[in-house]
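Notebook open. I want to look up helix geometry and helix packing here.

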Amino acid sequence: MFDKIYIEKLKSNFSEAVRVITTNKVRTLLTSLGIIFGVAAVITMLAIGNGAEKEILAQLELVGVNNIVITPIPDEKDDNTEEESSDNATESKRFSKGLDLLDVASIKKNVPSIKRVSPEIILETYVIKKGRQSPVKLVGVSSDYFETSNIYIESGKNFSSAQSINALPVCIIGKKIEKKLFTGESAIGKRIKVKDVWLQVIGVIEEKFISDNAQESLGIRDMNTDIYIPLQTFLVRYKDRKIISDKPLNTGGGGMIIINGGGQQGPKKRIPRGNYHQIDKLVVQVNNSSELNATADVLSRMLKRRHNELVDFEISIPIQLLKQQQKTKQIFNIVLSIIAGISLLIGGIGIMNIMLASVLERTKEIGIIRAIGATKEDVILQFLTESVLVSIGGGIIGIILGIFSSYVLEISTGIETILSLSSILLSFFVATLIGLIFGIAPAKSAASKSPIEAIRH
C-alpha cells in the first residue's frame with residue numbers, strides 16, 4: 001500500500017514537472033544550454049581521446065616494442081662551403097666508412113642487452129607486369145625484420161638462412177602489391193620482375209593500416225606496397241654502396257675530398273660524398289624496455305668510435321617519442337575535459353538560478369498545496385523532479401549533439417574519433433547528478449516557506 005502511494009506521488013510530480021517545463025519552453029531551453037554544451041563537449045573530448053589512444057597503440061605496434069632506430073646522415077653539404085679555420089679543415093679530413101654490415105656484426109657481438117638486429121637497405125625502383133612499369137620500394141632485410149617490426153606473414157614463409165646467404169632471387173611482397181599484380185589469385189610461387197631481376201614470391205605479409213600521421217612523424221613506410229628481399233640478394237643483385245666504382249667521387253661511395261679553390265694558398269672547398277652508407281636503417285631490439293636508454297648510449301659511443309669520431313648517424317627510441325606524444329595528448333584531453341566540466345557546472349548554476357526564480361513565482365501555489373496537506377518532502381520532491389527533468393532533457397540533447405559533433409569533426413579534420421557507450425553513460429549520469437545537486441537548494445527553499453505567508457504572498 002505504501003509503495004502504491006509513493007508511486008502515485010512520483011507520477012503526480014512527474015506530470016506536474018512536465019506541465020511546468022512545457023509551459024515555459026524557451027526558458028527551459030535556455031536553462032539547459034549549459035548542460036547541453038557541457039555533455040556534448042565531454043562526449044566529443046572522450047571520443048577524440050579514444051581515437052588518439054587507438055592511434056598511439058597502432059603506432060606502437062608498427063614501430064615494434066623495445067626498438068632503437070639508427071639512421072645514417074648522408075653528407076649533403078654544399079661543395080662551395082669554405083673552411084674558415086684549421087680546426088674545421090682537420091675535422092673535414094676525417095673519413096667515416098658509414099653505417100654498414102660490419103657495424104651490425106660488431107653490435108651483435110659486443111652488446112649483450114640486444115635481442116635482435118635488423119638492417120635495411122631501400123631502393124626506389126619499379127616492378128614490371130604485363131609490360132607496364134609501376135613504382136615500388138625494394139627493401140633489403142634480414143629474416144629478423146618481420147619480428148622487430150611486428151609484421152606477420154599472412155601466407156607463405158620467411159626467408160631461410162640458405163636463401164639469405166646464397167643471395168637467391170626470392171621476395172616477400174606487401175598485400176597491396178599482391179592485389180595489384182595478382183588480382184584474384186595467390187602470388188605464392190609466382191615470379192615478378194623488379195627492375196631487371198626476376199624474383200620468386202615466397203610470402204605475402206598481412207595488410208596493415210598506416211595513417212599519414214604515422215608515416216610523417218615516425219618515418220614509417222606503407223609496408224603494404226613494399227617488396228622485401230634478403231639483404232645479400234639486394235647487395236649482390238642490385239646495389240652495394242661499399243663497392244668502389246669508376247663514377248665521380250661526388251656521386252657516392254668515395255671519401256671526403258678537400259681541394260684548393262685556386263693555387264696552394266686558395267680557400268679549401270669540400271666535395272660532398274652523397275650517401276656513402278651501406279645500409280639505410282638499422283633497428284636494434286633490446287631484451288627489456290628498462291635497457292633502452294643505456295643501450296642507446298652504448299651504441300652511440302660504439303658507432304662514433306667506429307666512424308672515426310664522426311657522428312654521421314642518428315639514434316632515436318620511437319617508443320619514448322610515442323609515450324611523450326601520448327602524455328601530451330592526455331594532458332590536452334584533460335584540459336579540454338576540465339573546460340567541458342566547467343560548462344556543466346555553469347549549466348548546474350543556471351538550473352539552480354531558474355529554479356530559485358520559479359520558487360518565487362510560485363510562492364502562492366506552494367502555500368496552497370501545503371495548506372491542502374502536502375508535506376515538506378512532497379514539495380522538495382516536486383522541485384527536484386523538475387530540475388532533474390531539465391538536466392535529463394539537456395543531457396539527451398547534449399548526447400545527440402556530441403555524437404553528431406564527433407562524426408563531423410572526423411570527416412572535416414581527419415582526426416579519428418571513437419565513441420564509446422561508457423562515455424555516453426558517464427555524460428548522462430553527470431548531467432542527471434548536476435540537476436539533482438543544484439535542485440536541492442531551490443527545493444529546500446520552497447519547502448521552508450510557511451503555508452500562511454505563502455498564501456498571503
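**Helix α14.** I started with α14, residues 421-447. Helices here are DSSP runs (H or I, at least four residues), numbered from the N terminus. α14 has 27 residues and spans 38 Å from first C-alpha to last, close to the expected 39 Å. The expected span is 1.5 Å times one less than the number of residues. I noted a kink of about 35 degrees at I440, shortly before the proline P442. The bend is the angle between axes fitted to the seven residues ending at a residue and the seven starting there.

I kept in mind that this is a predicted model: local features need pLDDT of at least 70, side-chain atom pairs count only at pLDDT 80 or more, and totals for chains, interfaces and linings use all residues. Residues are numbered from 1 along each chain as its sequence is written, and side-chain values use heavy atoms, with hydrogens and water left out.

**α13 against α14.** At what angle do α13 and α14 pack? I read about 150 degrees, with the axes 7 Å apart. Axes are lines fitted to C-alpha atoms, for helices over the stretch in contact, and angles run from 0 to 180 degrees between N-to-C directions. That makes α13 roughly antiparallel to α14 (over 145 degrees counts as roughly antiparallel). I logged the contact residues as 17 nonpolar, six polar and two charged. Nonpolar covers Ala, Val, Leu, Ile, Met, Phe, Trp, Tyr, Cys and Pro; charged covers Asp, Glu, Lys and Arg; the others, Gly among them, are polar.

**α12 against α13.** Next I checked α12 (residues 363-371) on α13 (residues 376-413). The angle is about 140 degrees and the axes are 10 Å apart. I366, I369 and R370 in α12 meet K376, V379 and F383 in α13; contact means heavy atoms within 4.5 Å. I counted four nonpolar, no polar and two charged residues there.

**α4 against α10.** Last, I looked at α4 (residues 101-110) and α10 (residues 292-306). Their angle is about 135 degrees, with axes 11 Å apart. This pair is oblique too. From α4, L102, D103, S106, I107 and N110 meet L299, M302, L303 and R306 of α10. I noted five nonpolar, two polar and two charged residues in this contact.

How values were computed
Helices (H or I, at least four residues) and strands (E, at least two) are DSSP runs, numbered from the N terminus. Angles under 35 degrees count as roughly parallel, over 145 as roughly antiparallel, 65 to 115 as roughly perpendicular and the rest as oblique.
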